[in-house]
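Trainee: I would like to go through the terms used for this fold. Please set each one against its definition.

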Amino acid sequence: ARAWSLPEGPFFLFVGKLSKRRNLPMLLDAFGRLRRERGTPHSLLIIGPDYQGVNAPARIAERGLQGAAFYLPFAGRDDLVELYSAATAFVLPTLHEGFSFTILEALACGAPVVTFDHPPLHEAGVREATLAIEQPSAAALFEAMGELIERPERRAQLRRAGLDCAARFSWKRVADQTMAVLGEAAGI
């Protein structure tokens, strides 16, 4: 993280393509409120390509969050592992998402995950390992992020649950199961 001249200290992390469904303005509003009302020293790091013109730097500036919120269009895998592992939480405020691999990446790195409750979390069996907000809003994000700042035991519980959850996922297991289904279908 220090390679990008970010301030020392704790931070929240968003990783993924920037799109309207991922509610970046709402995340920035919640983060700005944390800074104003609770004086949190946390930074917010937003990483992902902006194919839809969301314009994270402009949205950061509109809210006066320069020096507290940062945007990078890309980070390599090794850097992402370091960032996920060090983050206070990975925040993905999405309502209309398939199963997001960034959620699984965060869980596998031990990052507590804050997201809006949506059906794929249940279908993939990861909801219990996340802080899933049932009523999506900037206020709810503010409360969830604040909870993770103020309650290190909750962060630790989510970290453990996330690591346990992520351990259930494996490309080898998917390949083995796919081959078994294909073999059964072929009568092998």
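Trainee: What makes strand 1, helix 1 and strand 2 a right-handed β-α-β unit?

Mentor: This is a predicted model. With the strands pointing away from the viewer, a clockwise path from the first strand over the helix to the second counts as right-handed. Strand 1 (residues 11-15), helix 1 (residues 24-38) and strand 2 make a unit of that hand. A right-handed β-α-β unit is also made by strand 2, helix 2 (residues 56-62) and strand 3.

Trainee: How do you know that strand 1 and strand 2 pair?

Mentor: Pairing needs at least two bridges between the strands. Strand 1 and strand 2 have five, in the parallel sense, so they count as paired. Leu-13 stands opposite Leu-45, and Val-15 stands opposite Ile-47. On to strand 3 (residues 69-72), strand 2 has four bridges, again parallel; Leu-45 has Phe-70 as its bridge partner there.

Trainee: Why is strand 3 called an edge strand?

Mentor: The open sheet has six strands in the order 3-2-1-4-5-6. Strand 3 and strand 6 (131-133) each have a single partner strand, so one side of each lacks a neighbour in the sheet. Neighbouring strands are turned by 20° against each other on average, direction ignored.

Trainee: Why is strand 2 (residues 43-47) called mostly covered?

Mentor: A residue is buried if its relative accessible area is under 20%. Five of the five residues in strand 2 are buried. Ser-43, Leu-45 and Ile-47 point one way, while Leu-44 and Ile-46 point the other way. In a regular strand, side chains alternate between the two faces of the sheet.

Trainee: What makes helix 6 roughly perpendicular to helix 7?

Mentor: The axes of helix 6 and helix 7 (residues 152-167) come within 5 Å and cross at roughly 100°. The range for roughly perpendicular is 65 to 115 degrees, so helix 6 is roughly perpendicular to helix 7. Among the residues in contact are Leu-148 and Ile-149 of helix 6 and Pro-152 and Leu-158 of helix 7.

Note on methods:
Residues numbered from 1 in each chain as written. Predicted model: local features only at pLDDT ≥ 70, side-chain atom pairs only at ≥ 80, totals over all residues. Heavy atoms only, no water. Buried < 20%, exposed > 50% of the residue type's maximum accessible area, 1.4 Å probe, protein only. Helix = DSSP H or I, 4+ residues; strand = E, 2+ residues; numbered from the N terminus. Axes fitted to C-alpha atoms, helices over the stretch in contact; angles between N-to-C directions. Parallel < 35°, antiparallel > 145°, perpendicular 65-115°, else oblique. Contact = heavy atoms within 4.5 Å.
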